Amino acid sequence: MSLADALLAAAGGLREASALRRSLEQERDGLAPPRKVATRPFYVALDRWSESRRQLKDSYVRPREWAEREKALRDAEALRDASNRAATEAGERLRRLERVRRVRPLLTAHAMAAAWLEANPHAPRLPADLAERLPSARGALAQAAHTVETARADLARLDGDIAEVVTDDALLATTEEVQALMGMAGLVEQALAGLPGAEEALEAAQAKVAEQTRVLGHPATADPASLVPPPTLVTQLRRLMAEHTAQEGALAGLPRRKAEQQARLAEAERAIAELPPLEDVQQLEAVLAEIRREGDPARNLAVAERAVTEAGTRLSTALAHLPTPLRDPGALTSLDPPTAAGLERLAEVRAAAKLALERQDDAVGRAEAALAKARSERTVLEEGGAPPTREELAQARARREEGWDLVFRRLSGEAPAPDGDRDFCGGRPLALAYANAVAAADRIADARWTEAERATQAERLVRVLKEREAESAAARAALDIARATFDAAQVTWAAVVHPLGLDGGAGLAEAQRLLTARETALTAVQALAVSQAGLSELKARQDNAAARLRPMLGGADLEALLLLLDRADAVVRQRRTAQDRRREHLAAAAAARAALGDIEQERCQATESLTRWQAKWSAALERLGQAPDLPVHLLDAVLSASESLAGALREASRLNAQARIWREGLERFETGFAMICERLGVPAAPDALAGMRELARRQRTEAALAARRAALLGQREKGLATLRQHEDTLSRAEAALRAVVAAAGATTAEAAEERIALGAERARHEAMRVSAEADLLTAGDGLPLEDLRAEAAAHPADGLEAALQEAEEAQQRHAAAAQIQVAAVTTLGLELQRLAGDDAAVRAAANEAAAAGQLGQTLEDALLMQVAAGLLDAALVAVQEGGDDALLRRIGAAFSELTDGAYIGVSSREDDRGTARLVLRMNEFPDDEVEVDQLSEGTRDQLFLALRLVAVADQAASGTVLPFVGDDVLQSFDNQRAAAAFQALLRLSETTQVILLSHHEHLLAVLQNAIPSSIIHLQRVDR
């Protein structure tokens, strides 16, 4: 049983804890009861261990053929050692021959290198890099010499090119003046091309000025510009002319507009006189608005009638879903059915009783099957007959010992009893009779062992049969109780659903559907009554409204409200139309009178404006130099002529300025060209522009020659510097070659080359000798050089391969012989080990070890059950002294505090399998029970904390006070329940130390609000 099962069982109260204690004691007695019972595991293991010990003492070693086997083993070991020595000697010879084959070519290479060195003692030892330095130095010298010759040839070629280049320095000195004059070439060309046309245009502009002065009446004036009026005066005259035109148009239209407005006024006054007198319409509209305040009366009436029809239809439909006795609304209303909750409880009771009946029926079937199986096992066991007795086993072992005594006497040479062989053998050989006696004793012992298990099984079956018969009887009794319970629940259910028109076989869903249909029908009855009352009230209101309308319509003989409303709407429209027409005609008359007043006012304003205009007009004409009475239409021609004169004057001024600029440019260009020609000592060309372009061309040619000469001079400087560098390089190359020749010990490069080749050959042979010596050291297994030479000389090369093959075959032959002797030694050794102890001793030792292990395990399990039962018994005594179920009450109180009163208690209930489970009751629903797995994560954490608080308090009360350490135990609590938990832990701190660990910062604020800060010790840990 796990710790969780034990805790849950203990939570069920004293009854469950007592049952747990009895179960532990039964498991202990099933393993090792105080009184010996042959079928219990402890006593079975003890008997098996005692029998194994006795069998082990009875087994001993037989010395038959021991001496012969031991001598054969020694001889096989001697042959094995001889074969191993021969194989080792053959391997040594093979290794020597293989070493000779490895070192022979190395010895040859070593001898060749030593012979060359001895024959050439004069060969020099030179640096290794001289072989590369000599050709490199010679190549560098040749390349440097070639480079110097090439640089000198390039320098001579540049000197010839420079001498061929000759420039005109006088012409080059005038470069700036020529470029300045060529910058004016475009202006000169433009002046030459445009000056004749400009002079002609100037003459035409001057002619036009003379013509316009004649038009203005001043042909002989010396200053035509004085005849042009200022722009502001021209603008003022143009504006006055436009104002005069507008004023004349306005005065011309006033008589026509006055006649039109007078005609409109007469027409409006005539229409007003023809209209009927005014009638009041506001009272009638107020009554109509009051009647229609709740909507259209016709639509309201249709909606109310439709609501009555639909309510009746819904009532008929709802009654159709009910049984016939309940279709009368009166009977339906007077019915007092059970509540939905009560009906559900009765259905749950019936369903639980039915489920219990089905489970108990299954339990009876299982109990009967188990009982039949136990009876079948007993029958099979009884068919095997009686097992051998202990006396039969003792007699068989005594006969085996008698046979061994006869065999031992015959092997040791002692005289047997006169009739011993005949009585024991019965006419058969002694060896065969002894073998039969041993086999008979072993067979009886094995049968005794097997039958001992059968006896144990028979005792177990007797106990099992009694248990199975008791279980079957209990199951049948429980089945009768379950059937009676179900019958009572069924009767109660039938009595409840019968008034609803249902039989006892109806289910909860059918009864719930019937109750739902009843509620729907009652709702439909109420809705029909409400709809009918609303229709009656609406009709009464409409009759009252019709009575109010009839007098206002002149005593109309209409009865229906809808017709009266139509008549009233027509009357309102007629009266509103007449009022609108009167307002329109009155507005038209007022507008005509206002327009006539406006026209008269406009006439007066136009007259005053014309007077002011005449004064401005006279003043402007006077400034223009015209007569004050000049007509407006004549002034336009004067202004046009003045504007033409101004334009001609502006054009003549522009053309004159342009011609002057061109003439001055031509004069400067020709002067500059003449001066350059004079400096160069050449005559000036008639066409200055063409001559200047020729000079510019010649100057560009000379500038290109000067640039080429300068480039050649620059190249010569660079070539001269390069020649000096190459000559330095040549000097260094010659010095490097002399150094290499001197290092080789020669005076010429050819002699140095010969000495370097001889030195390289000496270095190669010395390296060959050193490499051969290193390889001989490795391949020769570290032997000295003289020993290797002697060993190689002792084995000629032509017979080496044959000797190797012979040595390898000898090694394989001796190794195979050694393997055969090793197998023989192993076989004889195993035979001696078999003679040293037979299988009976091995089995006896194994049985003894297995029985000892089973004894230890059984005692350990029984001791564990005994200790657990004792601890639980002590706990039961403590709980009984404190009052029954006191632990659950304390847990419930702590849980209620931690949940801030949301839960009011904790208790224990048994499920269908008889297992105790914790259930909880909520404050809002005290009659409902909630299981632990239905709680949220936070509430489960609060239940677990309540269990811990009670356990820690009990431990402290017993005298063992340990600190309470909680690691993030409040991480799933909300702030309100966390504050309650802090209060509970504060009380716990009065008896033991409380340590809380958390990484939630918000819990600190909750703690400081719930508990005084003076008793809090806060310690922050840096991450």
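Let's start with helices H5 and H20, which are roughly antiparallel to each other. Helix H5 covers residues 130–164 and helix H20 covers residues 688–743; their axes come within 8 Å and cross at roughly 160°. Two packed helices are described by the angle between their axes and the distance between the axes. The axes are lines fitted to C-alpha atoms, for helices over the stretch in contact, and the angles run from 0 to 180 degrees between N-to-C directions. As for the words, angles under 35 degrees count as roughly parallel, over 145 as roughly antiparallel, 65 to 115 as roughly perpendicular, and the rest as oblique. Helices (H or I, at least four residues) and strands (E, at least two) are DSSP runs, numbered from the N terminus.

H5 passes H20 in a left-handed crossing. That word applies if the near helix is turned anticlockwise from the far one by less than a right angle; if it is turned clockwise, the crossing is right-handed. Sort the residues of the contact of H5 with H20 by class and you get 22 nonpolar, 5 polar and 10 charged. Here Ala, Val, Leu, Ile, Met, Phe, Trp, Tyr, Cys and Pro count as nonpolar, Asp, Glu, Lys and Arg as charged, and the others, Gly among them, as polar.

A word on what you're looking at: this is a predicted model, in which local features need pLDDT of at least 70 and side-chain atom pairs count only at pLDDT 80 or more, while totals for chains, interfaces and linings use all residues. Residues are numbered from 1 along each chain as its sequence is written, and side-chain values use heavy atoms, with hydrogens and water left out.

Now step back to the whole chain. The protein chain has 28 helices and 5 strands. Of its 1023 residues, buried ones make up 30%. Buried means under 20% relative accessible area, exposed means over 50%, and partly exposed is in between (1.4 Å probe, protein chains only). Among contacts in the protein chain with a separation of 6 or more, 76% are between residues 24 or more positions apart; contact means heavy atoms within 4.5 Å.

Helix H4 (residues 66–119) gives you a way to see this, and His110 lies in it. With 7% relative accessibility, His110 counts as buried. Which residues does His110 touch, leaving aside its neighbours within four places in sequence? They are Arg769, Ala772, Glu773, Leu785 and Arg789. Arg96 is also found in H4, but with a relative accessible area of 37% Arg96 is partly exposed. The C-alpha atoms of Arg96 and Ala792 are separated by 9.7 Å, and the two residues are 696 residues apart along the chain.

Next, find helix H11 (residues 297–320) and helix H17 (residues 508–552), which pack at an angle of about 160° with their axes 8 Å apart. That makes H11 roughly antiparallel to H17. Their crossing is left-handed, and the contact of H11 with H17 has 16 nonpolar, 6 polar and 3 charged residues. Asp569 is buried, with a relative accessible area of 17%. Leaving aside its neighbours within four places in sequence, Asp569 is in contact with Leu288 and Arg292.

Residues of the contact include Ala894 and Phe895 of H25, and Leu943 and Val950 of H26. By class, the contact of H25 with H26 divides into 12 nonpolar, 2 polar and 2 charged residues.

Phe895 also has an aromatic partner. Rings of Phe, Tyr and Trp (its six-membered ring) pair if their centres lie within 6.5 Å; planes under 30 degrees apart count as stacked, over 60 as edge-to-face, and the rest as tilted. By this rule the count comes to 1 aromatic pair. The rings of Phe895 and Tyr903 have their centres 5.2 Å apart and their planes at 40°, so the pair is tilted. Both Phe895 and Tyr903 are buried.
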